[in-house]
Amino acid sequence: MNLILLGAPGAGKGTQATGLSAILKIPHISTGEIFRDNIRRNTELGKLADTYISKGELVPDEVTVQIVKDRIEQADCENGFILDGFPRTIAQAEMLEEILNASGRKIDRVVNIVIDDEVVINRLSKRIVCPVCGETYHLEFNPAEDNICKKCGAQLVHREDDKPDVIRNRIAAYHKKTEPLVEFYRHKGNLMNVRSENSIEESLQNTLYALGLKGI
Ligand SMILES: [Zn+2]
């Protein structure tokens with residue numbers, strides 16, 4: 001099953017994707033994580049991406065699309081994949097469609113995670129992440145003792161793009177550029193809305209139900 005997860009930054013896409021990936025046994029492809037990994041390793045791609053991401057702006061389409069194309073052509077995507085953070089614009093969605101058509105594939109379902117802006121701001125401004133393994137924590141809901149990662153022992157950090165001003169920019173960018181995608185996929189007939197105000201667990205159950213997978 002080829003899936004896309006849509007939703008504002010902080011809507012819980014990453015957590016949902018991780019859960020779905022384990023259940024459906026298909027890879028979770030996070031373009032944000034690919035960029036952050038390159039930034040950490042200070043690659044050419046990382047340096048380029050960082051000039052946009054550190055300001056809360058979107059990385060240009062041609063850069064992002066090439067990364068996604070390379071990734072979904074890998075063998076582990078044969079039975080499907082979950083895209084998280086891509087596409088973000090209509091132009092990207094159209095390019096994705098061309099790439100998939102060329103190999104006789106298509107997007108099966110688009111899960112739109114619906115959440116209020118204020119809930120997102122509260123969630124993200126209190127989020128801390130592990131710079132080594134990528135695990136995420138929340139100062140209120142999922143704290144880590146002494147800000148040390150429970151998985152790998154690294155010192156947790158507050159991501160530069162999780163600061164309130166940057167969050168507002170990210171949400172504004174989302175509304176302007178990404179929300180038209182909801183309409184785009186609604187017209188294609190494969191969009192499903194899932195609410196995400198409650199716990200992450202409950203949201204994941206809502207998504208499984210919407211995909212017709214409840215009980216797996
Ligand atoms: Zn860690």
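In which loop does asparagine 42 lie? Asparagine 42 is placed in the loop between helix 2 (31-40) and helix 3 (44-53), where helices (H or I, at least four residues) and strands (E, at least two) are DSSP runs numbered from the N terminus. The model is a predicted one, in which local features need pLDDT of at least 70 and side-chain atom pairs count only at pLDDT 80 or more, while totals for chains, interfaces and linings use all residues. Residues are numbered from 1 along each chain as its sequence is written.

Asparagine 42 is a residue other than glycine with a positive phi, near 55 degrees, and it counts as exposed because it has 10 C-beta neighbours inside 10 Å; a residue is termed exposed if 12 or fewer other C-beta atoms, placed from the backbone, lie within 10 Å of its own, buried if 20 or more do, and partly exposed in between. Lysine 25, in the loop between helix 1 and strand 2, likewise has a positive phi, of about 55 degrees, although it is not a glycine. With 10 C-beta neighbours inside 10 Å, lysine 25 therefore counts as exposed. Most residues other than glycine have a negative phi, and most peptide bonds are trans. The peptide bond from phenylalanine 86 to proline 87, by contrast, is cis, with omega near -5 degrees, and proline 87 belongs to the loop between strand 3 and helix 5 (90-102).

An open sheet is formed by five strands in the order 2-3-1-4-7, with parallel pairing, two strands being taken to pair if DSSP finds at least two bridges between them. Strand 2 (28-30) and strand 7 (191-195) are the edge strands, each pairing on one side only. From one strand to the next, the twist averages 25 degrees; axes are lines fitted to C-alpha atoms, for helices over the stretch in contact, and angles run from 0 to 180 degrees between N-to-C directions. Strand 4 (residues 109-114) pairs with strand 7 in the parallel sense over five bridges, and valine 110 stands opposite leucine 191 in strand 7. Helix 8 (residues 200-210) packs on the sheet, where it touches strand 4 and strand 7, and its direction makes about 155 degrees with that of strand 7; residues are in contact if their C-beta atoms, placed from the backbone, lie within 7 Å. Helix 1 (residues 13-24) lies across strand 1 (2-7), strand 2, strand 3 (81-84) and strand 4, and runs at about 175 degrees to strand 3.

Helix 4 (residues 61-72) packs against helix 5 at an angle of about 30 degrees, with the axes 10 Å apart. The two helices, helix 4 and helix 5, are therefore roughly parallel to each other, angles under 35 degrees counting as roughly parallel, over 145 as roughly antiparallel, 65 to 115 as roughly perpendicular and the rest as oblique. Among the residues of this contact, Val65 and Val68 in helix 4 are listed with Met95 and Leu96 in helix 5.

In helix 6 (residues 117-125), Val120, Arg123 and Leu124 are buried. Seen down the axis of helix 6, the buried residues fall within an arc of 90 degrees, so they line one face of the helix, the arc being that of the directions from the helix axis to the C-beta atoms. The cover over these buried residues includes strand 5 (127-129), strand 6 (136-138) and helix 7 (164-188).

How values were computed:
Contact = placed C-beta atoms within 7 Å.
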